Each structure stands twice: as C-alpha cells, then as structure tokens.
Amino acid sequence: MPAPSPTRRGTRLPLVAAVLLASCAERPAERDNPPADADQLARGRFIVSIGGCNDCHTPKVFTAAGPVPDSSRYLSGHPADAKVPPVPQGVLGPDGWGALTNPHLTAWAGPWGISFTANLTPDPTGLGNWTVDQFIQTMRTGKHLGTGRPILPPMPWQELAALPEEDLRAVFAYLRSIKPVANAVPAPVPPPAAQ
C-alpha cells in the first residue's frame, strides 16, 4: 500500500485540528450561562407569568373578544415590521396624556420619546448573546446590557431590581428555554426636543 503523499498528509492534520477546535469552542453566552434545572425553569416561568411580561413583550392577535397574545411570537417584542403612527403634537404632557401605546402594546410614546419592547427570546436578535450577569446588571441598573442606554418606560425594571438574584437567574434561565424568534426590535426614538 503506498504511503500518503506529503502534501495530502500535511493538509489533513491542520484540517482535523481546526474541526476539533471549532467543535470544542464555546460561545461566551453558552459558557457564561450555567444549565438550569426543572425547579429553576418553573420559578422563572412563574415570575414571567405573574410579572405580566406577555402584556408588553408579546405581540397581539385581534379576536372577537379583543387582543390576545400571539403564541407564535411569544415574548419576541415589538414586531420589527410594524409601523408606528406619528404622535399628535400636544397630546402628551401634564395636561394631556402621560403615554400612548400601539394596538400590540409593544410600542409606547411618552415624554421620553418612543420605546419598543425588547425581544426576550434566546434568538441573537433578542437575548441570545446575553449572559446571565448582563441580564441581572440590566435589571439592577435600568441600563441596556448593564451599562448602555436607559431602559425606558413602561418597563418596570425598578420593581424587578428588588428581586433576589436567584429569581433573576430563574427568569433568565426560563427566557433562554423558550422558542427563539428572530425579530430585530427598532431602537428607541428620542422625544422631538432631543432629536
């Protein structure tokens, strides 16, 4: 049996090494997010449920009985392709409305501008690349990724900041266990005076 050619042997080893390294490498979000057990997932599901996260973070389907959460877009945030009507001038303020919302309850307008509810699914357009520590820091500080822009109303991050760390970890573990939904939510729109 003839020996393999030096060229062929020389290219095989680096290829095998590259495949092995790629298969062993962990993405940071996987490495920094320990696996959850059934009790932690149940606790996270409970907190998400009683916290009313669906109210704003899940787009709605309109039925004869009124709007209901769209289970196919569970916790996927403001639909990226949804148009937001202009805010009528003078309607917001101390003598007017404090806030307006779209029919999905996923876009809110107020003195802060227009905010869009985030995609909380484990898709990369949502929380897919987040670590549990970034999630906890976001809930504790009211800053995106713990250090970025402010988390805007109506997100009740101040109440969530009071949760014990194990509850925030449970919420994050549960959010990482749900179906990923690709939905790149738009960035907030600043108020007219700040534009």
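Modeller: Turned away from the buried side of H3, one face carries the exposed residues Ala38, Asp39, Ser49 and Ile50; exposed is over 50% relative accessible area, buried under 20%, with a 1.4 Å probe and protein chains only. This is a predicted model: local features need pLDDT of at least 70, side-chain atom pairs count only at pLDDT 80 or more, and totals for chains, interfaces and linings use all residues. Residues are numbered from 1 along each chain, and side-chain values use heavy atoms, without hydrogens and water.

Biologist: Which residues of H3 are buried?

Modeller: Gly44, Ile47 and Val48. They sit on the same side of H3, because they cover an arc of only 100 degrees around the axis, taken from the directions from the helix axis to the C-beta atoms.

Biologist: What covers them?

Modeller: The cover includes helix H4 (53-57) and helix H7 (165-177). Helices here are DSSP runs of H or I with at least four residues, strands are E runs of at least two, and both are numbered from the N terminus.

Biologist: What caps the N-terminal end of H3?

Modeller: Aspartate 37, with a side-chain oxygen 3.1 Å from the backbone nitrogen of aspartate 39. Just after H3, glycine 52 has a positive phi of about 70 degrees.

Biologist: Changing topic, where is threonine 121?

Modeller: In the loop between strand E5 (113-116) and helix H5 (132-141).

Biologist: Buried or exposed?

Modeller: Threonine 121 counts as buried, because its relative accessibility is 0%.

Biologist: And which backbone nitrogen does its side chain reach?

Modeller: That of valine 181, at 3.1 Å.

Technical notes. A polar contact is a pair of N or O atoms within 3.5 Å; within protein, one must be able to donate a hydrogen and the other to accept it, and residues adjacent in sequence count only if both atoms are side-chain atoms. Contact means heavy atoms within 4.5 Å.
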